[in-house]
Amino acid sequence: MLNLSDLVCRRDERQLFAPLSLHAEAGDCIELRGPNGAGKTTLLRTLAGLHSQFDGAFACAEFLFQGHRMGLDELMTPIENLRWYGDLEGVRLDDAALREAIGRVAMARAAFNLCQRLSQGQQRRVCMARWLLSSASTWLLDEPYTSLDADGQQLLNELLQLHCDKGGIVLAATHTPLRISNSRVLEIEPAGEDAR
Amino acid sequence: MGLKEFWHKLGSPRWFYQISLPWVVGFGLAALVLLAVGFVWALAFAPPDYQQGNSFRIMYVHVPAAMAAQSLYIGMGVAGFVLFVWRMKLADVFITACLPFGMLLTALALFSGGVWGRPTWGTWWEWDGRTVSTLVLLFLYIGIYALREAIVDTELRGRASALVAMVGTINIPVIKYSVEWWHTLHQPASFTLTEKPSMPPEMWLPLLVMVIGMYCFAAHNVLSRMRMEIIERESGTQWVRALVSGQRAAG
Amino acid sequence: MNLTGLLSREWRALVRNRGAVLNPMAFLFLAVMLFAVGSPVSDNETARYGGAMLWLIVLLTNMLSLDSLFRRDFDNGVLEQVLSTAQAPFMVVLIRVLVQWLGTGLLITLLAPLLCLLLGLPSEAIFTSMLALLLGTPALSLLGAVGAAMTVGFSRGGILLGLLVLPLFLPVLVFGASAINQAVLHMDATAPLAWLAFISMLALSVGPLAATLGLKISLQLQ
């Protein structure tokens with residue numbers, strides 16, 4: 001579930017952009033577009049509950065957030081990280097589900113290495129495995145194409161398509177257009193001169 | 001005006017600015033009168049202490065300064081709570097305003113405590129309950145100050161200061177008691193603040209006057225700083241611009 | 001939320017990052033050695049000052065350990081996941097502080113007999129020292145966590161951490177040293193021990209909550 005009602009994020013008592021409104025239905029895939037520094041990251045973080053300065057209202061439930069930082073403990077293996085995410089969400093993960101998710105993102109060979117030995121692209125794939133295992137219906141993604149090679153980008157598109165087809169919602173800040181059917185764009189416009 | 005309405009109105013810095021001028025003037029005058037009277041009374045008319053002679057008169061500066069400094073910190077703690085629960089901007093303005101004067105008062109309390117110690121015990125500095133307590137208070141103030149210097153974002157800075165002020169305030173009674181405890185173990189025979197009841201009225205009346213005078217001075221200082229802070233923070237808004245241009249036209 | 005899962009993760013992190021525990025412990029013994037060697041106190045007087053010195057060293061060791069309490073998770077993005085997605089971020093913070101205490105406070109408590117010996121404290125004081133450390137070190141971890149939470153966003157937050165946290169540590173130092181001194185003088189140490197327990201309880205009720213709020217603030221600093 002994702003609704004925005006005249007939402008404006010603030011930073012240092014300044015409004016970052018013009019008020020945004022959005023009503024997302026199940027199956028919606030929304031691209032968040034705007035120039036650098038417009039506030040895309042801040043908006044996603046606000047929806048994820050990490051940024052507390054805003055005007056207006058929003059409702060965002062059952063979400064998962066993928067920011068610029070990986071969110072993986074470098075001293076744990078991918079499997080351990082995924083189990084930990086399960087513990088965090090209160091979801092019981094059995095081995096079969098884990099293996100399937102790892103296999104889907106093509107990380108089976110490296111599944112038992114410490115994450116600090118994995119490349120950025122490989123870590124991104126582990127993050128995608130996490131999305132697969134999560135019970136969240138709304139995905140808040142900040143620049144999901146970062147560090148992904150061509151195969152990785154293909155994988156990302158497949159996962160996003162799958163999630164939306166199953167009735168989930170995706171809100172992704174991206175400079176590269178998402179190649180998903182049924183996607184629409186939410187444009188962030190800079191705030192006016194007198195915005196306070 | 002009921003309490004609820006008053007609380008609601010405090011959400012508007014502009015309203016506060018408009019009603020606070022008479023209070024600033026009032027507290028200022030009261031402070032001037034009380035401190036002048038108290039000072040003269042304390043120095044000239046109160047009887048000398050049978051043990052310490054005339055040097056104990058520095059108490060008339062030290063005690064009010066220390067009490068006011070501590071009250072200001074607790075005030076910051078309470079304002080911090082208000083900031084977190086009601087998100088009132090004025091609470092952060094209050095905390096910003098209390099900080100400089102609070103630090104000044106604490107330093108004054110420390111200095112006067114030292115001056116008191118010199119003729120009484122022969123040292124500029126004595127690690128007793130009172131001095132340690134005051135020194136810790138100074139560090140509590142400096143902690144908030146340093147934290148504020150490190151955060152640029154106004155709203156985050158306010159929340160961070162509020163949090164630290166609250167935690168510090170909760171710890172103040174614990175710190176005070178622990179230091180008193182340690183002090184009584186090490187130096188059972190010193191003049192302490194808590195011996196007030198044994199002071200005759202000729203001694204504690206001028207002290208009371210000085211204390212109230214100091215509190216009025218603190219209130220005057222804090223309120224006027226709050227007004228300045230409000231002008232600075234709201235400098236882009238209509239009402240401030242009108243105010244400033246109106247003053248320019250008049251002056 | 002699966003608490004055992006979280007605990008086992010913390011344990012694994014501890015085991016794979018042994019430096020986080022061993023470095024402060026190395027500092028502990030180094031400091032004890034420096035104090036013992038450099039102290040102008042004569043041998044038959046050490047019992048008087050040993051309590052205060054022990055607690056002083058414990059305070060400083062804790063400060064070292066606290067600096068890294070949240071830093072790794074802040075840098076790698078795990079912290080923001082905890083604070084946005086977890087059902088009860090407060091519990092995660094509490095468990096983190098618990099494990100930090102296991103690696104500092106509890107460890108120091110178990111090493112107390114050795115430390116007392118090195119600092120010249122008589123054997124009568126050992127039991128009380130252990131009790132005092134057991135009751136007082138939780139307060140250090142819990143209150144320290146607040147300082148750690150507020151400064152994790154700064155690259156050189158170490159000094160600020162000390163500034164924020166040492167005034168809060170002072171009562172623990174006072175009552176802790178007092179308890180040991182009472183024991184050395186063969187007097188009843190119940191009062192300072194009770195105070196240590198009280199302070200730890202107070203820290204338990206205030207600390208994790210304040211630390212969680214502090215982390216939320218620190219995560220917004222860029």
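Q: How are H6(C) and H7(C) oriented to each other, roughly parallel or roughly antiparallel?
A: In this predicted model, H6(C) and H7(C) are roughly antiparallel to each other. Helix H6 covers residues 89-118 of chain C and helix H7 residues 124-151, and they pack at an angle of about 155°. That exceeds the cut-off, because angles over 145 degrees count as roughly antiparallel.

Q: What about the axes, how many Å apart are they?
A: The axes of the two helices lie 9 Å apart.

Q: Is the crossing of H6(C) and H7(C) left-handed or right-handed?
A: The crossing of H6(C) and H7(C) is right-handed.

Q: Which residues in H6(C) meet H7(C)?
A: Among them are C:Trp101, C:Ile108 and C:Cys116 in H6(C), while the residues they face in H7(C) include C:Met130, C:Leu133 and C:Leu142.

Q: Moving on, how many residues of chain B are in contact with chain C?
A: 24 residues of chain B contact 22 residues of chain C. On the side of chain B that touches chain C, H6(B) gives the most, with 15 residues. That side of chain B divides into 20 nonpolar, three polar and one charged.

Q: Now chain A: is strand E7 mostly covered or mostly open?
A: Strand E7 (residues 138-142) of chain A is mostly covered, with five of its five residues buried. A:Thr138, A:Leu140 and A:Asp142 lie on one side, and A:Trp139 and A:Leu141 on the other.

Q: Which strands are joined to E7(A)?
A: Strand E6 (residues 63-66) of chain A is joined to E7(A) by four bridges, and the two run parallel. Five bridges join E7(A) to strand E8 (residues 169-173), also parallel. A:Phe63 stands opposite A:Thr138, and A:Trp139 stands opposite A:Val170 in E8(A).

How values were computed. Residues numbered from 1 in each chain as written. Chains lettered and ligands numbered in written order. Predicted model: local features only at pLDDT ≥ 70, side-chain atom pairs only at ≥ 80, totals over all residues. Axes fitted to C-alpha atoms, helices over the stretch in contact; angles between N-to-C directions. Parallel < 35°, antiparallel > 145°, perpendicular 65-115°, else oblique. Left-handed = near helix turned anticlockwise from the far one by under 90°. Contact = placed C-beta atoms within 7 Å. Nonpolar A, V, L, I, M, F, W, Y, C, P; charged D, E, K, R; others polar. Buried ≥ 20, exposed ≤ 12 C-beta atoms within 10 Å, placed from the backbone. Pairing = 2+ DSSP bridges.
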